Amino acid sequence: MTKKSPRHDGFVRRLFAHHDVTVAQLRWLVSPALAAELDWATLRQGPTDTADVTGRARRSDVIFEIRTRRGDPLLLHILLEHQRAPDPLMAFRMVQYQTRIWQAFIDHVGKDTLTALPPILPIVLYNGTQAWRAPAAIEDLARAPASWALGAHQLSGRFVLLDLSQVPDDAIETQAANAHLELGLLALKHISDPDPWTRFLEWEASLRKVRAMAQGNDRIQAVLHYLFRAAAPPSAEERRRVIQLLPEFESDIVTWEQQIRQEALSEGERKGRSEGRLEGRLEALRHTVRVLLKARFGALTSEAKRQIDEADEDTLNDFVERFPSFEGSLDEFLA
């Protein structure tokens, strides 16, 4: 299973915390017929924590609830999952998420009074650098020969896939129909570019539109913070141009850079302490092996010393364990 990054997932959650952004994204992905049926004013974010049958906590990225224009009592649950890398079992995971949503719904309503389950629209937002090649449906995972005629009995489990690696930038601008959504998707798409800041500086028109929106500065700050935390750092010239373009965020940029440097130093210190402890164990083991071998074989040859110095921890432990019962020569022991 693909390991998820909290920096990317956190940005996706923050992006879709804005009602207008979510509506724009869903209008892009659902069919026109479904879009016409939904009462977009009733869209709200649902719980993202569910549990499996063992009681272990599970988290899906974002779940939304929405009603139809006819006021149908059943909800449409929209499950939006974010991926940085293709997962061959993504279709299975999405079905797992859906069954947990239904179980939570059953537990809430009560199975004795339940007459129907709410439909769920599963969506995967993917911002990897390569095209998505993994199956997008359970029926693609659990393939059976056509001659078996199992089609009517198999679970489809197909999800809607938005593969940003395959959507041109101008198409994102056209389809998003919301400047904040456009800016967020462009940031997600280009976050792994060797020089994402050149791209960012090209989005000046979108930045102006976002700035004019309600909470415009907060929206821009979220995108800018994501880039500083997850992208390659800007060059000195790019940093100067970013501050020139967005002078109100200069103090934020300074703060983020200080935090990143401090985290890098802390990580280096932790790594250094870990490496120091390992080297201390290795040297103690080398000393033990040298003392044991000298006691039995006399002065060690330069080749024997080299082999002991280059041995890893497992090999040195093996030397110590084998020594008491070993009866051969020094060369045989080291071999």
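## Basis of the description

A residue is called buried when its relative accessible area is under 20%, exposed when it is over 50%, and partly exposed in between (1.4 Å probe, protein chains only). By this definition Glu81 is buried, with a relative accessible area of 0%.

The structure is a predicted model, in which local features need pLDDT of at least 70 and side-chain atom pairs count only at pLDDT 80 or more, while totals for chains, interfaces and linings use all residues. Residues are numbered from 1 along each chain as its sequence is written, and side-chain values use heavy atoms, with hydrogens and water left out.

## Overall architecture

The protein chain contains 15 helices and seven strands; these are DSSP runs numbered from the N terminus (helices: H or I, at least four residues; strands: E, at least two). Of its 335 residues, 41% are buried. Among contacts (heavy atoms within 4.5 Å) in the protein chain with a separation of 6 or more, 65% are between residues 24 or more positions apart.

Helix α2 (residues 19-29) is largely enclosed by the rest of the structure, because eight of its 11 residues are buried. The buried residues of α2 are Val21, Thr22, Val23, Ala24, Gln25, Leu26, Trp28 and Leu29.

Leu162, in strand β7 (residues 160-163), counts as buried at 5% relative accessibility. Beyond its neighbours within four places in sequence, Leu162 is in contact with Gln25, Trp28, Leu29, Val124, Leu125, Tyr126 and Val167. The C-alpha atoms of Leu162 and His82 are 9.7 Å apart, although 80 residues separate the two in sequence.

The axes of helix α9 (residues 204-211) and helix α10 (residues 216-230) come within 7 Å and cross at roughly 140°. Axes here are lines fitted to C-alpha atoms, for helices over the stretch in contact, with angles running from 0 to 180 degrees between N-to-C directions. The two helices α9 and α10 are therefore oblique to each other; angles under 35 degrees count as roughly parallel, over 145 as roughly antiparallel, 65 to 115 as roughly perpendicular and the rest as oblique. Leu207, Val210 and Arg211 of α9 meet Gly216, Asn217, Arg219 and Ile220 of α10.

Ala231 lies in the loop between α10 and α11 (236-245) and is buried at 14% relative accessibility. Leaving out residues up to four places away in sequence, Ala231 touches Ile191, Pro196 and Tyr226.

## Salt bridges

A salt bridge is a side-chain nitrogen of Lys or Arg within 4 Å of a carboxyl oxygen of Asp or Glu. By this rule the count comes to 21 salt bridges. In one of them, Arg93 pairs with Glu81, the closest N and O atoms being 3.1 Å apart. This pair links distant parts of the chain, with Arg93 in helix α4 and Glu81 in strand β5 (residues 76-83), 12 residues apart. Arg93 is buried, with a relative accessible area of 3%.

Arg158 forms a salt bridge with Asp140, with 3.2 Å between the closest N and O atoms. Arg158 is in the loop between α5 (138-141) and β7, whereas Asp140 is in helix α5, 18 residues apart. Both partners are partly exposed, at 43% relative accessible area for Arg158 and 22% for Asp140. The side chains of Asp309 and Arg290 also meet in a salt bridge (2.9 Å, N to O). Asp309 lies in helix α13 (residues 302-310) and Arg290 in helix α12 (residues 250-297), so the pair ties together parts that are 19 residues apart in sequence.
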